[in-house]
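Reader: I would like to go through this model feature by feature. Please give the general idea each time, then the case at hand.

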Amino acid sequence: MTSATARVRTAAVAAGMVGALAALTACSGGGGKTASSTPSATPVSTSGSGAVTSASGKLQGSWITTSGGKIVALVVSGKKAGLFVTGQKDWCQGAAGKEAGMQMIHLACADGNKQRVTGMVESVDAKSMKVTWSGRTGQETYTRAEGGKLPAVPPSHLKK
């Protein structure tokens with residue numbers, strides 16, 4: 001498989017995951033959920049660190065990156081956040097927004113994964129967002145995926 005073919009396949013998979021995660025996150029706000037549409041992640045606790053008080057317009061949307069050869073899709077809608085990593089059984093959910101004057105993301109994963117539990121947004125603009133996660137993940141740079149689609153030119157961290 002050529003590297004161009006691999007990039008196209010990676011882009012197609014990422015676009016599908018971002019769209020699916022966006023749909024799941026959008027569905028999580030209303031009533032009438034069925035067992036099949038309800039995520040299984042446990043509620044997020046922000047004990048000791050305050051609570052997310054408001055979401056930031058700059059965080060809103062679908063974001064993607066790669067880590068260890070896997071695609072990571074992060075979606076922020078209002079104060080809610082959802083994250084999916086290829087190869088991970090369950091997805092994570094939680095909250096995102098302002099907390100103690102900083103932009104924070106708090107997630108809980110049903111499978112107990114602790115790689116991305118608390119993230120501090122270091123910077124965010126129209127095209128990219130840098131998040132430093134507590135634990136071994138460290139800093140990741142995400143690229144905005146408008147309308148569930150990948151950028152026309154893949155970001156450098158998606159090129160391999």
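Author: Begin with the terms: helices (H or I, at least four residues) and strands (E, at least two) are DSSP runs, numbered from the N terminus. Two strands pair if DSSP finds at least two bridges between them. Here eight strands close into a barrel in the order 1-2-3-4-5-6-7-8, with antiparallel pairing. Neighbouring strands of this sheet are turned by 30 degrees against each other on average, direction ignored; the axes behind such angles are lines fitted to C-alpha atoms, for helices over the stretch in contact, and angles run from 0 to 180 degrees between N-to-C directions.

Reader: What should I know about the source of the coordinates and the numbering?

Author: This is a predicted model, in which local features need pLDDT of at least 70 and side-chain atom pairs count only at pLDDT 80 or more, while totals for chains, interfaces and linings use all residues. Residues are numbered from 1 along each chain as its sequence is written, and side-chain values use heavy atoms, with hydrogens and water left out.

Reader: How many bridges join strand 6 to strand 7?

Author: Strand 6 and strand 7 (residues 128–133) pair over five bridges in the antiparallel sense, and three residues lie between them in a hairpin. Ser123 has Lys130 in strand 7 as its bridge partner. Lys130 also stands opposite Thr141 in strand 8, and six bridges join strand 7 to strand 8, again antiparallel.

Reader: Is Arg144 buried or exposed?

Author: Buried means under 20% relative accessible area, exposed over 50%, and partly exposed in between (1.4 Å probe, protein chains only). Arg144, found in strand 8 (residues 138–144), counts as buried because its relative accessibility is 15%. Buried residues make up 38% of the 160 residues in the protein chain.

Reader: What does the side chain of Arg144 reach?

Author: A polar contact is a pair of N or O atoms within 3.5 Å; within protein, one must be able to donate a hydrogen and the other to accept it, and residues adjacent in sequence count only if both atoms are side-chain atoms. The side chain of Arg144 reaches the backbone oxygen of Ala126 at 2.9 Å.
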